[in-house]
Each structure stands twice: as C-alpha cells, then as structure tokens.
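Subject: Structure handover

Hello,

Here is the structure for you to look over. My notes on what was found in it follow below.

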Amino acid sequence: MSNRCQTVVFSNRAYNAIIRESFAKDPVETGGILLGYIRDDGVWIVIEVLPPGIDCINEIAYFEYDDAFVNYLAPSVANQYKINLKLLGLWHRHPGSMNTFSRTDDGTNRTFALQNPDGAISGLVNIDPNFRLTMYYLGNPREEECQSM
C-alpha cells in the first residue's frame, strides 16, 4: 500500500475551522495547520486545524504563521486523541481568486513536505464570492529522489 495522497477527507470540525478563519480575516491572507492521520490506502484524514497564532502576520499579499504558537499548540491538540495525529500540511487563503502558489508558498510547501516521508498536503482557499477550498499534494522531495535513482 502507498501513503501517497489519493483523497483528502476533513472532519466537520476541521472544515468549519477553515471557513471561520477565512471569513474572520477577510480580505487579508490567513491560514492554518492541518493535523490528522494517513490511511494505508492513501486517504489523508484531517481531524484538526490549528489557527495561525496570536502573532501571525496577515496582510493583503503576505501571510506568516506564528511558529512559536503553532509549535506549542500542535502537541497539545494532538495528544487529545487516541490516534497519533501528525502534521499533514497547511492551508491558506489568497485574497481574490489567485489559484496558484507564490514562490514563497512553494518554499513553505517544500519545507512541510520535507518534514514528512509521505509528503504534505496544502490547501488554497478562495472567496470569489463563494468559499472554495482546493487541495494539493506534494511528495517528499527526498523520498522521490531516492525512488527515481
């Protein structure tokens, strides 16, 4: 079996957290961290979404997580479950209808994918005018290099 992402499933709690954060920070960029687990059949289950943090930066064309806050909160939230939740990836909102990742986003996605042998998922939220969440998968660049040798 492969853990390569085939499908992403969100708990109601996780999906609603993304909607709440997106509309609360409208019209600036915002985001969050996705915690969950990966099934053997390639289904990635997002159970919890962490907020971006108290000292995050939300601007029209730039967003940055509060790393200290997220790193503090992640283990606390994950430990509330019997299943070992892990960092699956992240999501963020682009104002307007920007449907592509910026160079900064590409670097952030790569950093997250390198932290997990299975890679990472990354979501883009648009409100144009309806809420839309598009999920992407990035395999771990190191793992893919090893497999292609």
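Rings of Phe, Tyr and Trp (for Trp, its six-membered ring) are taken as a pair if their centres lie within 6.5 Å. By that rule, Phe10, Tyr15, Phe23 and Phe131 form one aromatic cluster. Please keep in mind that this is a predicted model.

Aromatic pairs

Over the whole structure, the search gives 6 aromatic pairs. One of them is Trp44 with Tyr137, which is edge-to-face, with 5.6 Å from centre to centre and 80° between the planes. This pair links distant parts of the chain: Trp44 belongs to strand E3 and Tyr137 to strand E8, 93 residues apart. Are the two partners buried or exposed? Trp44 counts as buried because its relative accessibility is 0%. Tyr137 has 25% relative accessibility, so Tyr137 counts as partly exposed; the limits are under 20% for buried and over 50% for exposed.

Overall fold

The protein has 4 helices and 8 strands, and along the sequence they come in the pattern β-α-β-β-β-β-α-β-α-β-β-α. A compact globule of 149 residues would have a radius of gyration near 15 Å, and the value for this protein, 15 Å, agrees with that. The C-alpha trace spans about 45 × 35 × 30 Å along its principal axes. Of the 149 residues, 44% are buried. The protein exposes about 8,300 Å², and carbon and sulfur atoms supply 51% of that area. Taking contacts between residues at least 6 apart in sequence, 68% join residues that are at least 24 apart.

Helix H1

Helix H1 runs over residues 12-24. Its 13 residues, at 1.5 Å a residue, should span 18 Å, and the end C-alpha atoms are 18 Å apart, which agrees. Which residues of H1 are buried? They are Ala14, Ala17, Ile18, Glu21 and Ser22. These residues cover an arc of only 125° around the axis, which means that they sit on the same side of H1.

Helix H3

Helix H3 covers residues 103-114. Asp105, Asn109, Phe112 and Ala113 are the buried residues of H3. Seen down the axis, they fall within an arc of 100°, so they line one face of the helix. Arg103 and Thr104 are exposed, on the face of H3 turned away from its buried side.

Cis peptide bonds

Most peptide bonds are trans. Where does this model have cis bonds? One joins Asp26 and Pro27, with omega about 20°; Pro27 is in the loop between H1 and E2. A cis peptide bond also joins Asp128 and Pro129, with omega about -10°, and Pro129 is in the loop between E7 and E8.

Regards

Key:
Residues are numbered from 1 along each chain as its sequence is written. This is a predicted model: local features need pLDDT of at least 70, side-chain atom pairs count only at pLDDT 80 or more; totals for chains, interfaces and linings use all residues. Side-chain values use heavy atoms; hydrogens and water are left out. Helices (H or I, at least four residues) and strands (E, at least two) are DSSP runs, numbered from the N terminus. The expected span of a helix is 1.5 Å times one less than its number of residues. Buried means under 20% relative accessible area, exposed over 50%, partly exposed in between (1.4 Å probe, protein chains only). The arc is that of the directions from the helix axis to the C-beta atoms. The radius of gyration is taken over C-alpha atoms; the globule rule is 2.2 Å times the number of residues to the power 0.38. Contact means heavy atoms within 4.5 Å. Accessible areas come from the Shrake-Rupley method with a 1.4 Å probe; for residues, only the protein chains shown count as cover. Rings of Phe, Tyr and Trp (its six-membered ring) pair if their centres lie within 6.5 Å; planes under 30 degrees apart count as stacked, over 60 as edge-to-face and the rest as tilted.
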